Amino acid sequence: MDRFKGTNTYILSDELRQIVNAAIVLQRPLLLKGEPGTGKTQLAHTIAEDLGLRLLTWNIKSTSRASEGLYVYDTVQRLNDSRFHDKDVSDIKQYIRLGKLGEALASDNQVVLLIDEIDKADLEFPNDLLYELDQMSFDILETGQHFKARYRPIVIITSNSEKELPDAFLRRCLFHYIAFPDPAMMRRIANVHFPDLNHNLISQVIARFYFIRQKHDLKKRPSTSELLDWIQAVTAAGLNEEELNQRLPFLGVLLKMEEDLEKFAVN
């Protein structure tokens, strides 16, 4: 239960490390939720790095279909080849393109599969994945090929809670909500990225960052990645903690909505 230990560049809680290891041992997908910028996607990269495994990323869109994650039969290319007599079109295998889930199941080695932002797809999408995620196998109907995973991939699924996911899908997953870092955790994250930064300046930047985030009527609160960008802007400008206490420079690095910027215009 301690295969995944994390890396020096990704600060994680004990609870998150434990649930990742539970997902590996139980061979279940791990569903991650949390505010944008809390490191859901980056966690899959960290798992792959720590375990020395290849990462496959399936970025979900509103038009994504579960079948495309397994494979796509390129009928258009076959038709063109037939028309121009460039190839022997009787070999259908050359027109089969494995998707990311298909690649993961057909791999000779264990991989980490990231299914990113699953809630962007339609409501039936998660249910359409259930059989393959359970059985870890699939068939290519056009060629009669059958693939069964030699090693079950470590499956990480992220959601921004844009849509509710089906109960049947949730039952097959382990779940973790990545809470937004508190100031102490955020300081650890900042220190990883800016180890040589002045102690007082880091403290002031983080204090001002949480002052902004705690304004309740913000349409889009700044995330960790935006804080790191802000630190870089502040240090590049040579600002000190006293100047930060008097004003909020480079607000456009943190706030991306006009209405939110207006709330701090007086500052």
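What follows is a chat about a predicted model of one protein chain.

Visitor: What kind of model is this, and how many helices and strands does the chain have?
Guide: The model is predicted. The chain has 14 helices and nine strands.

Visitor: What size of box do the C-alpha atoms fill?
Guide: Taken along the principal axes, the box is roughly 75 × 45 × 35 Å.

Visitor: And how much of the chain is buried?
Guide: Of the 267 residues, 45% are buried. The accessible surface comes to about 14400 Å², and carbon and sulfur atoms hold 48% of that.

Visitor: Let's look at the sheet. In what order do the five strands come?
Guide: The order is β2-β5-β8-β1-β9, in an open sheet with parallel pairing. At the edges are β2 (54-59) and β9 (174-178), each of which pairs on one side only. From one strand to the next, the twist averages 20°.

Visitor: What holds strands of a sheet together, in general?
Guide: Strands pair through backbone hydrogen bonds, and the pairing is either parallel or antiparallel.

Visitor: How many bridges join β1 to β9?
Guide: Five bridges join them, with β1 covering residues 30-34. Gly34, for example, has Ile178 in β9 as its bridge partner.

Visitor: Which helix packs on that sheet?
Guide: Helix α1, residues 14-26, packs there and touches β1, β8 (154-159) and β9. The direction of α1 makes about 160° with that of β9.

Visitor: Staying with α1, where is Val25, and what is it part of on the surface?
Guide: Val25 is in helix α1. Together with Met1 and Leu26, Val25 forms a nonpolar surface patch with about 330 Å² of accessible area. Val25 counts as partly exposed because its relative accessibility is 48%.

Visitor: What does Arg17 form a salt bridge with?
Guide: Its partner is Asp14, and the closest N and O atoms are 3.9 Å apart. Arg17 and Asp14 are three residues apart in helix α1, so about one helical turn separates them. Asp2 is linked with Asp14 and Arg17 in a network of salt bridges.

Visitor: How many salt bridges does the structure hold?
Guide: It holds 13. Another of them joins the side chains of Glu103 and Arg54, at 3.7 Å from N to O.

Visitor: Which elements do Glu103 and Arg54 lie in?
Guide: Glu103 lies in helix α5 (residues 100-106) and Arg54 in strand β2, so the pair ties together parts that are 49 residues apart in sequence. Glu103 is partly exposed, with a relative accessible area of 25%, and Arg54 is also partly exposed, at 44%.

Visitor: What about Glu68: where is it, and what does it touch?
Guide: Glu68 is in helix α3, residues 66-70. Not counting residues up to four places away in sequence, Glu68 touches Thr63 and Gly99. Glu68 also forms a salt bridge with Arg65, where the closest N and O atoms are 3.4 Å apart.

Visitor: New topic. How do β6 and β7 pair, parallel or antiparallel?
Guide: They pair in the antiparallel sense over four bridges, with β6 at residues 137-140 and β7 at residues 145-148.

Visitor: Is Met136 buried or exposed?
Guide: Met136 is buried, because its relative accessible area is 4% and buried means under 20%. Glu117, at 22%, counts as partly exposed.

Visitor: Last one: what is Ile92 in contact with?
Guide: Leaving aside neighbours within four places in sequence, Ile92 is in contact with Tyr73, Arg78, Glu142 and Thr143. Ile92 sits in the loop between α4 (75-84) and β4 (96-98). Ile92 and Tyr73 are 19 residues apart in sequence and 8.5 Å apart in space, C-alpha to C-alpha.

Conventions:
Residues numbered from 1 in each chain as written. Predicted model: local features only at pLDDT ≥ 70, side-chain atom pairs only at ≥ 80, totals over all residues. Heavy atoms only, no water. Pairing = 2+ DSSP bridges. Helix = DSSP H or I, 4+ residues; strand = E, 2+ residues; numbered from the N terminus. Axes fitted to C-alpha atoms, helices over the stretch in contact; angles between N-to-C directions. Contact = heavy atoms within 4.5 Å. Patch = residues over 30% accessible without salt bridge, like charges linked within 9 Å, V, L, I, M, F, W, Y side chains within 5 Å. Areas by Shrake-Rupley, 256 points an atom, 1.4 Å probe, with all protein chains shown as cover. Salt bridge = Lys/Arg side-chain N within 4 Å of Asp/Glu carboxyl O. Buried < 20%, exposed > 50% of the residue type's maximum accessible area, 1.4 Å probe, protein only.
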